[in-house]
Each structure stands twice: as C-alpha cells, then as structure tokens.
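Here is a short briefing on one protein chain. Look at the sequence and the structure first, then read the points below.

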Amino acid sequence: MPRYLIERNFPQGLSIPINADGRKALDNVITNNSEQGVTWMQSFVNPDRTQTFCIYDAPTPESIRIVADRNGLPVGRITEVTVLDPYFYKP
C-alpha cells in the first residue's frame, strides 16, 4: 500500500478537545477513512497549530481527498513517500 504525506493548513488553528468529544471526532475520522481503505498513521503539528503533516497509507491520493472531504479536513498537498531510515546502512 502506498504511503503519503498530507500537508494541511488551518488558518484559525487546529483544536481537538481532549475529552469524549475529541475522541468521538477522531473515531469518526478513522471510520470514514476505513470506508476508502485509508489508514491514518500519525500526524505532526506545528507550534501554532496552523499546519499539520500527516502520514497516511492509502490506495490512491484520490481516496485521501474523498475521506478528507467527508471528514471536513483541508488538503493542501499530497506527496507519495517512502521511509528513509538513518540506521539502514549500519553493518
């Protein structure tokens, strides 16, 4: 399965409550993603929470766009990536 880096912009800042409402919101994202064979691996957020960099496994970039729309999430750029492990070349 291809892996992608998704860049998202949140001009007003990203806010996910750390309570049952936040958990429910994330559960909905996971459920919507699974309907297109998309798996959210992890995300990184900049200090002012206006930009995220998310790692997803997905069949196609279009499947990521479909679930992003269902989840009400912006999509800036989608880049297919592979893992470069700094320890790969150690004997």
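Which residues does Val67 touch, not counting residues up to four places away in sequence? Val67 touches Asn32, Asn33, Gln36 and Val38, where contact means heavy atoms within 4.5 Å. This is a predicted model, in which local features need pLDDT of at least 70, side-chain atom pairs count only at pLDDT 80 or more, and totals for chains, interfaces and linings use all residues. Residues are numbered from 1 along each chain as its sequence is written, and side-chain values use heavy atoms, with hydrogens and water left out.

**Nonpolar core**
- The largest nonpolar core has nine residues: Tyr4, Ile6, Val38, Cys54, Tyr56, Ala58, Ile64, Val67 and Ile78.
- Strand E1 (3-9), strand E3 (51-57) and helix H2 (61-71) each give two or more residues to this core.
- Such a core is a set of buried Ala, Val, Leu, Ile, Met, Phe, Trp, Tyr and Cys residues joined through side-chain atoms within 4.5 Å.
- Buried means under 20% relative accessible area, exposed over 50%, and partly exposed in between (1.4 Å probe, protein chains only).
- Helices (H or I, at least four residues) and strands (E, at least two) are DSSP runs, numbered from the N terminus.

**Strands E2 and E3**
- Strand E2 (residues 39-45) pairs with E3 in the antiparallel sense over six bridges; two strands pair if DSSP finds at least two bridges between them.
- The two strands E2 and E3 form a hairpin with five residues between them.
- Arg49 lies in the loop between E2 and E3 and has a positive phi of about 60 degrees, although it is not a glycine.
- Most residues other than glycine have a negative phi.
- Arg49 counts as partly exposed because its relative accessibility is 38%.

**Phe53**
- Phe53 is in strand E3, and it is the bridge partner of Phe44.
- Its contacts, not counting residues up to four places away in sequence, are Leu5, Ile6, Glu7, Gln42, Ser43 and Phe44.
- Phe53 has 28% relative accessibility, so it counts as partly exposed.
- Phe53 and Asn9 are 44 residues apart in sequence, and their C-alpha atoms are 9.2 Å apart in space.

**Largest pocket**
- The largest pocket holds about 320 Å³ of space, a volume being the space filled by probe spheres set on grid points joined across faces, edges and corners.
- A pocket is an open set of points on a 1 Å grid over the protein atoms alone, where a 1.4 Å probe fits, with protein on both sides within 12 Å along at least five of seven lines; lining residues have an atom within 4 Å of a point.
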